[in-house]
Structure formats: C-alpha cells, structure tokens
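Thanks for asking me to look at this one with you.

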Amino acid sequence: MCPNRFIPLDRQLKVLIHQRKQKQAIAKAEEIINKRIKIPSLQIDNIKEKAQQYINKKKYNSSFHE
C-alpha cells in the first residue's frame, strides 16, 4: 500500500499500546507487517520496523515470564 494507508494503522497501534490493549496491539502490528507495499518509502519501512520491534519485545517478555 501507499504510505498514507499505513499512517492510520500506525496511529491505531500507538493508541492500543497507550491503552495497554496488548492482544489488539499485537494483532494491529501483525496487520501492519503483513500489509503489501505498493510504493516503497522510508516512512513505511519505519512504521513496519516499529511494529516488528513491538511484537519482538512482547514475545521476548512473554517467554521471559514463563
């Protein structure tokens, strides 16, 4: 997708993280990561990287507490 299609998803992810809705935030982060890119841009790369970092952080924390 175009960068303007990723920005609302990124903002939704930030809101979910702020509200501490972890399951929904992980689902939104996965949606961002799996979304197809039509027009490559640095902005999309940054959004996808932040989403991946969030998922990695949550998976690390959950495996650490088991």
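1. A word on confidence before anything else. pLDDT is the predictor's own confidence in each residue, on a scale from 0 to 100. This is a predicted model, and the protein chain averages a pLDDT of 91, with 91% of the residues scoring at least 70. Where pLDDT is low, the predicted coordinates should not be read in detail.

2. Now the overall layout. The protein chain contains three helices and zero strands, so reading from the N terminus the order is simply α-α-α. Its C-alpha atoms fill a box of roughly 40 × 20 × 15 Å along the principal axes. Of the contacts between residues at least 6 apart in sequence, 61% join residues at least 24 apart.

3. The accessible surface of the protein chain is about 5,000 Å², and carbon and sulfur atoms account for 52% of that. Buried residues make up 26% of the 66 residues. As for charge, there are 15 positive and 6 negative side chains, and the centres of the two sets lie 6 Å apart.

4. The largest nonpolar core has twelve residues: F6, L9, L13, L16, A25, A29, I32, I44, I47, A51, Y54 and I55. Helix 1, helix 2 and helix 3 each give two or more residues to this core, and helix 3 gives the most, with five. In soluble globular proteins, nonpolar side chains tend to be buried together.

5. L13 is a handy place to start when you trace that core. Which residues does L13 contact, leaving aside its neighbours within four places in sequence? They are A25, K28, A29, I32 and A51. Of these contacts, A25, A29, I32 and A51 belong to the core along with L13, and K28 is a further contact of L13.

6. Finally, please look at D10, which lies in helix 1 (residues 3–18). Is D10 buried or exposed? D10 has a relative accessible area of 8%, and because buried means under 20%, D10 counts as buried. Not counting residues up to four places away in sequence, D10 touches I32, I47 and K50.

Notes: Residues numbered from 1 in each chain as written. Predicted model: local features only at pLDDT ≥ 70, side-chain atom pairs only at ≥ 80, totals over all residues. Heavy atoms only, no water. Helix = DSSP H or I, 4+ residues; strand = E, 2+ residues; numbered from the N terminus. Buried < 20%, exposed > 50% of the residue type's maximum accessible area, 1.4 Å probe, protein only. Contact = heavy atoms within 4.5 Å. Areas by Shrake-Rupley, 256 points an atom, 1.4 Å probe, with all protein chains shown as cover. Lys, Arg positive; Asp, Glu negative; His and termini not counted. Charge placed at Lys NZ, Arg CZ, Asp CG, Glu CD. Core = buried A, V, L, I, M, F, W, Y, C linked by side-chain atoms within 4.5 Å.
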